[in-house]
Structure formats: structure tokens, C-alpha cells
Amino acid sequence: MKIRILLVIVSLVASVLIGLALASRGGKTTGAGQDDWIVIGLSLDTLKEARWQADREMFVKRAGELGARVRVLAANSDDTVQISDVEKLITNKVDVLVIVPHDGTAMAKGVKMAHEAGIPVIAYDRMIRDSDPDLYVSFDNEHVGELQAKFLLEHLPTPGKGRIVRIYGAKTDNNAALFKRGQDRVLEPLIKSGDIQVLHEDWAEDWKPENAKRIVNAAITANGSRIDAVLASNDGTAGGAIQALSEEGLAGKVLVTGQDAETVALQRIAVGTQAMTIYKPLRTLASGAAELAVQMAGRRVVVAGKSIDNGHGLVPSVLFDVVTVTRDNILDTVVRDGQASYDDVYRGIPDAQRPPRP
Ligand code: BGC
């Protein structure tokens, strides 16, 4: 019972049409009889970060609106647990599996098991490598890295020049490598010319803030306070970095980047200890993925705009756009879209210093 994936490159724009044709299973309709409910399995790496709680909530909501049910399991950053979660969801006979892998390579096994059971797989936000997931739904992650690095260069005390610390994400996460690749593309000429000096760089295991804090502690021990910026790859690691900086009285004096537009990061941007974040509209990703999952479960045709090489072959992919958020556009982006509320963002700011309420 193997699902046939038909990849048709449509003209030069390279649009990809995935025809998910049924081999032996009957397509399901949503919300008909009790037995006909589409059931989606959602296997998450972790729910310990605000962003994944938001993804889960929005995904489940949209799937529910489409008449599908979602079984959610979170693995607490443990590969053995996540593989056993995937096994459980397969045993529960879900119609489609949506996976945020903790380790993008280790999860190839999950894709294989699902396919052996005739269940299609969507790699959600993070690519699953060395395997053949049916679809990858994410943001343009290299562009995230480019935007972070461009912002950093433009906002250094002397634009284009300075001494920086780089904090990458989890080595196990394909996205961390993509963010780095985007950053490298922007920074490398300046690193080569000597205008940008990387004082210290490291990977924050499992994206943990405490590991990011340790990286900045080590940088300060080796270089003292002569640091112009910390290129942190997400808001969690930015938080750890800012904690280390504040212990040395440097918070707000050293530029720190981020990603995710988490409410705590927006609060730091409002008070000035973090300079920017990247807003990835989670509702677009979560709702879009839920819609595609329902289509795949119903064995309907899914249209993807791109195909991305995951080390095994080309994976049909849907990538959404991202936006740089600074103090100047918080209201026009995340608050306008309802990803954060005005009251939450400006909680730490006296009324007189807040921007006018929209
Ligand atoms: C996601 C980021 C997130 C990080 C840590 C990455 O794969 O793209 O949005 O901050 O994982 O969870």
C-alpha cells in the first residue's frame, strides 16, 4: 500500500504538483460518520517552548474546523521517546502523520515506519533528512538567517564592523544549519576582510537558553566586555545571552538578535535589551499544514510551490515568508496579526512611554 507521489514540474516557474493517488485505501471524508473522521497524528519534539504550544493550539483548531481530530504527542527532546510516539500514532492508525523532529536525521526511521503502514508524512517546520517525507511545510529558514545577519551588520555601533559572538541552535535540528547558512552568506565577506571579528561561536544544545548563557559567559570570560553584538539564532537563546550580559551590566549595551517573536522577546525589544526578532506567522504555518494534512488524509491533490533536497531526494515543499520585527514595527506586525497583544508586549513600560494603542 504505497502512496504514489507524482511530481510534475510545471513550466519554468518550477511549480510542483503532488498527485497523491490512492493505491488501496479509500479516501476519507471529513466529519461524516464517527468511523469516517480523519485523524491526524502530531508528533512534536517539545512543548517546553512558547512557540510550539502556539503551533499545537493553532494546528488543532484549524484541523477541528475542517472536521479532523488530532492526537498530539510531545517527546521532551528525546529521540527514543519521539520514535516510540510515532510508533504509537501508527498503531492508532492515524490517517496522516505530522512530525516536528527533534533530530532531523534520526527521524528518517519514523518516516520509513509510517510509509510501511501506508501513512503519509508531513515534516513540519523542520526537515526530516535522508528519507522521503511526502511534504515539508516551513518558513524560508535560510532567509531567516540572512535577515538576522543583515540587521546585525546595519545596527552595529559602526555599521559593518565589530566584534561579535555567534550562538547557533541545536546541531540535531536541520533548521539550525539553515539559519547559520543564511547568516554565513551575509557575514563571510566581512569576516574574511577582518571587519567582523567572531570572538566566540558555538551550538546551543537542544536550543536551551541555559546553554546559550554558557556560551556568552565563556565569551565574556575570554574577551571582557568588548563585545558589540550577539547573533543569537532564536528568542530562547537570545534570552540566555541577555541573562549573561545583564549579570555583567551589559544588557541593552550589546546588540542581540532573535527569532520567533515570542512575547518575552517582544517585551525585551520594547525595553531595549533585545534589538530584533524574526516574526514567523505561526497561524499561517499551522493552519496551512492542518489544511494540507486533511487533504493528504483524504487522498486529495496537494500543490507545493517548491522542492527541497533533504540528502535523499527532492521533497515537495511549501515555505512561508518571514518579517524582521524591531521596536518600530511591533504594532504593525505581531500585534496587528494577533500573535501578541499590546498589553502583554508593553507590560514593563510605563503608560507615558508606550506607543499609542492601535
Ligand atoms: C524553529 C525555531 C525554534 C527552534 C527551537 C527551530 O527549528 O524553526 O522557530 O525557535 O527550532 O525550538
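Trainee: Which side chains meet in a salt bridge, R126 with what partner?

Mentor: Keep in mind that this is a predicted model. The cut-off here is a Lys or Arg side-chain nitrogen within 4 Å of a carboxyl oxygen of Asp or Glu. The N to O distance for R126 is 3.1 Å, and the partner is D173.

Trainee: How many salt bridges are counted between domain 1 and domain 2?

Mentor: The domain assignment gives domain 1 as 6–133 + 282–320 and domain 2 as 141–280 + 328–353. Polar contacts across that interface come to six residue pairs, both residues at pLDDT 80 or more. For salt bridges between domain 1 and domain 2, the count is one.

Trainee: How much area do domain 1 and domain 2 bury between them?

Mentor: Their centres, taken over C-alpha atoms, sit 30 Å apart. Carbon and sulfur atoms hold 36% of the buried area, and the area itself is about 1,100 Å².

Trainee: And which residues come nearest to the ligand?

Mentor: Let's start with the polar atoms. N234 has a polar side-chain atom 2.8 Å from a ligand oxygen. For D173 that kind of distance is 2.5 Å, and an N or O atom in the D260 side chain is also 2.5 Å from an oxygen of the ligand. Out of 13 residues around the ligand, the nearest are E49, D125, R126, D173 and D260.

Note on methods. Residues are numbered from 1 along each chain as its sequence is written. This is a predicted model: local features need pLDDT of at least 70, side-chain atom pairs count only at pLDDT 80 or more; totals for chains, interfaces and linings use all residues. Side-chain values use heavy atoms; hydrogens and water are left out. Domain bounds come from an automatic or database domain assignment. Buried area is the accessible area (1.4 Å probe) that two parts lose on being put together, summed over both. A polar contact is a pair of N or O atoms within 3.5 Å; within protein, one must be able to donate a hydrogen and the other to accept it, and residues adjacent in sequence count only if both atoms are side-chain atoms. A residue is near a molecule or strand if one of its heavy atoms lies within 4 Å of it.
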